Amino acid sequence: YTNLDLVPTVVNDLLQAEGKWAIKDTWRLAINSTLGVGGLIDIASKWGLPPHSNDLGLTLAKWGDTHSPYLVIPFLGPSTIRDGAGWLFQFALYSPYVYLRNDTLMYSLLGLRYVDLRSQFLDSDQLMAEALDQYTFLRDAYLQHRNYLILGAEEDKGELYIEDNKADAAALKQEAGSDYVDE
């Protein structure tokens, strides 16, 4: 499934003008699809091509739609309106599942995909059980992770939305009267 997800990742790398990642992800897809027996074995990681993921929600955010309300999509989990719409369009446009003509095969593969996704989160169940408010914990964790993916490794000031970071930084610079702000 990770190998199949490289197809939309490469498209989104190109849409974001990230040529370096587009080339690496294309090579990763080619190597794991051929030498890795259709993606069953991750040969590309051993050759210095690490796993990378990109999606239409990140592309829309990098194009300017940075502030989007949080929501939980039934059976899919945490999201924002931007990320949910991006997932829907991405699934409809370049997901291999929509091109399968056999409904039984398509729904079986999708079901297995979501069982695989759920199994990836089993390690975090105990952490979620210890949270005082699971909804707030999951919301904050999701929004902070997406902001990290959008902004990269910029300094995290704890705000949930990107505009908060930009507005606070601009206000601090204006108050200090210089580009250097000592906290």
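This is a short chat about a predicted model of a protein.

Me: What does the secondary structure come to?
Reply: The protein has 9 helices and 2 strands.

Me: In what order do the elements run from the N terminus?
Reply: They go α-α-α-α-β-β-α-α-α-α-α.

Me: How many of the residues count as buried?
Reply: Of the 183 residues, 30% are buried.

Me: Let's look at helix H2. What should its span be, and why?
Reply: H2 covers residues 19-34, which is 16 residues. At 1.5 Å a residue, the helix should therefore span 22 Å. Its end C-alpha atoms are 23 Å apart, so the two values agree.

Me: Which residues in H2 are buried?
Reply: Ala22, Asp25, Arg28, Ile31 and Asn32.

Me: What covers them?
Reply: The cover includes helix H1 (6-15) and helix H3 (43-46).

Me: Which residues that line it are the closest to its centre?
Reply: Leu76, Arg113, Leu117, Phe121 and Tyr142. They belong to a lining of 49 residues.

Me: Which elements give two or more residues to that lining?
Reply: Both strands, S1 (70-73) and S2 (77-80), are among them. So are several helices, including H1, H5 (81-94), H6 (103-120) and H8 (134-151).

Me: How do the lining residues divide into nonpolar, polar and charged?
Reply: There are 27 nonpolar, 15 polar and 7 charged residues in the lining of the largest pocket.

Conventions: Residues numbered from 1 in each chain as written. Predicted model: local features only at pLDDT ≥ 70, side-chain atom pairs only at ≥ 80, totals over all residues. Heavy atoms only, no water. Helix = DSSP H or I, 4+ residues; strand = E, 2+ residues; numbered from the N terminus. Expected span 1.5 Å × (residues − 1). Buried < 20%, exposed > 50% of the residue type's maximum accessible area, 1.4 Å probe, protein only. Contact = heavy atoms within 4.5 Å. 1 Å grid on protein atoms, 1.4 Å probe; cavity = no way out; pocket = protein on both sides within 12 Å on 5 of 7 lines; lining within 4 Å. Nonpolar A, V, L, I, M, F, W, Y, C, P; charged D, E, K, R; others polar.
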